[in-house]
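Work through the following exercises with the sequence and the structure open beside you, and try each task before you read its solution.

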Amino acid sequence: MDLLVDSLKSALLLLLSFDPELFEIVGVSLNVSFFSTLFAALFGLPAGFFIAFNTFRGKRLIMTCLNTLLALPTVVIGLVVYSLISRRGIFGPLELLYTQKAIIIGQIILIVPVVTTLTIAAISRIDQRYRNTALTLGATYYQMGWVIFLEARFGIMAALIAAFGRVIAEVGISMMLGGNAKGFTRTMTTAMALEYDKGEFVLAVALGLVLMTFAFLVNLVFHFLQGRLKSDAL
Amino acid sequence: MLYELTNVTRTFGSRTVLEIDSLSFEARRIYALIGPNGAGKTTLLNQLAFLDQPSSGQLCFQSSAVSYDHATLTRLRRQVVMVDQNPILFSGSVWRNIEFGLKVRKIPLQERRRRIEYALERVTMADFAHRDVHGLSGGEVKRVALARALALEPKVLLCDEPTANVDREHQEIILKILSHANSVRHTTIIFSTHYLSQSRQLAHRTLLLQNGRLSKNLEENIFGVRLVRRGDELQCCLGDHLLPFTDPDGLAGENRQMRAHIDPAQVRLSPVEQKNSTGSGIAGRVIALTWENSKIRITVDIGPKLQVLLGEQEFTARPYQVLQEVAVGIDARGVTLLN
């Protein structure tokens, strides 16, 4: 118990002293998580829309595959991407290994199924009558899609937040593809793992606190937007 | 003609829910669609609103066959608006809901404002313009949905049971709105209802749908009936005879005088010696026989005069004669309670 209390005290002091190393790590984490969520959204949202809106052969198979991919371990993604971007891999000449780009690629693969499946769920929950109402009021197919997007906005935001939460907290991909290089690819989770290995708990606990604070802030913003957007859909 | 339907069918899987041989609607008139739940009223309205495509047959709008590509459908839908039985309002304010259809039509801001204010006044909801739609009552939601449709000044306004689940005061308001839209704006109105009184009050023509088909003549086989409770069972009495009936719409109430329509095609006859086993077995006498479009129309005196339609083959297998005593079997599916 003493260890935890002491670590917490020291961690708070470290945070209050604006330790540059700590903020560098937080910066790297936010950078890779932001871009991987952004790119996953660019692919996952339209894909989720397409799958939810249309009926086609193989739809059920795609849904099953996406659900399976939700349980994909980060180390498996790390291994696959490593084999592709390592010096002997087909993308070896691009020299991506142990860069933030490599982490982002791995994390995109991790969360595209999350964004897609949660988008499908959010769109499918919207009553069919919304589509017919938009259409009978003269909306084009794309305008109708926009109406559905607005009505499903909370579900879609929840999908993006879940995806962001997944990548900011993952360690396997960041470690295997980023290499935990100080100042370049050291993220909060890889730093915490390293500090734990060294038996230095102060920085690990401080980073843990930052991670929890971010999770809290993201949810706070979500709830704030939910209140604002509720009366401002169209 | 505004609409012309020729051999239009709509099937879901193996079930045919709409089968219209020929039907046309004229512009600037009010039409009422009457029929029990599952009769195909909403399916027909969806066809007329271009929200659904017939499984077979042809639908013509303003003398042109409808082509079901996105661009054509959007163009046609901008002339026709459907108001659902349980309308959906988009999240946001009443104003923004009404503005939606105008915005997608790229109506200028000033004109949008004028139309929205006018539509809200028409439905007596001018004070609700900036209210959030959450928290509106069922009647208010219906009126906002009507205002949203009226603001678009459509050629055709389709309303699926516009007065369902609405109190009497709001029912009157809604009927007046529809009547006004037709008389002032010359909007063609096609609405479905369970209330014969509403169709008589408002419509220039009433169409009866039963099992997806149009009944040829709504005026025949309509009888005054009385609903009485015997034990746990609610019974429908036509004079001294009991009529089988189903009441999926919950129109029936104890000790109520109502009207019931009996579909002539859903009545079976059998010689009086062998009382009908599946129907109610009402005793009657054949008083007239006529041939009508490959069907035999038989008028049977059961107290009131009941019209029965038999197929030629059925009649040939078992011919009836004038003055012959018969047992009349009426299927519950053929009895429609009308308010």
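**Exercise 1.** Determine how many residues of domain 1 of chain B are in contact with domain 2 of chain B, and describe the classes of residue on the side of domain 1.

*Solution.* Keep in mind throughout that this is a predicted model. Begin with the division of chain B, in which domain 1 covers 3–215 and domain 2 covers 222–338. Next, turn to the contact itself, where ten residues of domain 1 of chain B meet nine residues of domain 2 of chain B. Sorting the side of domain 1 that touches domain 2 by class gives four nonpolar and six polar residues, with no charged residues. Finally, the C-alpha centres of these two domains of chain B are 34 Å apart.

**Exercise 2.** Find the order of the strands in the open sheet of six strands in chain B, and explain why β6(B) and β10(B) each have one side without a neighbour in the sheet.

*Solution.* Reading across the sheet, the order in chain B is β6-β7-β8-β3-β9-β10, and the pairing is mixed. Because β6 and β10 (213–215) of chain B stand at the edges and have a single partner strand each, one side of each lacks a neighbour in the sheet. From one strand to the next, the twist averages 25 degrees. Now look at one pair inside this order: β3 (residues 30–34) and β9 (residues 205–210) of chain B run parallel and are joined by four bridges. Within that pair, B:Ala32 stands opposite B:Thr206 of β9(B).

**Exercise 3.** Identify the strands that are joined to β14(B) by bridges, and state for each whether the pair runs parallel or antiparallel.

*Solution.* Strand β11 (residues 222–230) of chain B is joined to β14 (residues 256–262) of chain B by six bridges, and the two run antiparallel. In this pair, B:Leu227 has B:Arg256 of β14(B) as its bridge partner. Four bridges also join β14(B) to β20 (residues 335–338) of chain B, again in an antiparallel arrangement, and here B:His261 stands opposite B:Thr336 of β20(B).

**Exercise 4.** Decide how helices α5(A) and α8(A) are oriented relative to each other, and describe their contact by class.

*Solution.* Start with the chain as a whole: chain A has eleven helices and zero strands, and its C-alpha trace spans about 65 × 45 × 30 Å along its principal axes. The axes of α5 (residues 100–124) and α8 (residues 153–169) of chain A come within 9 Å and cross at roughly 160 degrees. Since angles over 145 degrees count as roughly antiparallel, α5(A) and α8(A) are therefore roughly antiparallel to each other. The crossing of α5(A) past α8(A) is right-handed. Residues making the contact include A:Leu110 and A:Val114 of α5(A), and A:Ala159 and A:Arg166 of α8(A). By class, this contact of α5(A) with α8(A) has 14 nonpolar, three polar and one charged residues.

**Exercise 5.** Describe the side of chain B that touches chain A, naming the element that supplies the largest share of its residues.

*Solution.* First take the counts, with 21 residues of chain B in contact with 20 residues of chain A. Then look for the elements of chain B involved: α2 (70–77), β6 (80–83) and α3 (94–104) each supply at least two residues of this side. The largest share, four residues, comes from α3(B). By class, the side of chain B that touches chain A has nine nonpolar, five polar and seven charged residues.

Note on methods:
Residues numbered from 1 in each chain as written. Chains lettered and ligands numbered in written order. Predicted model: local features only at pLDDT ≥ 70, side-chain atom pairs only at ≥ 80, totals over all residues. Contact = placed C-beta atoms within 7 Å. Nonpolar A, V, L, I, M, F, W, Y, C, P; charged D, E, K, R; others polar. Domains from an automatic or database assignment. Pairing = 2+ DSSP bridges. Axes fitted to C-alpha atoms, helices over the stretch in contact; angles between N-to-C directions. Parallel < 35°, antiparallel > 145°, perpendicular 65-115°, else oblique. Left-handed = near helix turned anticlockwise from the far one by under 90°.
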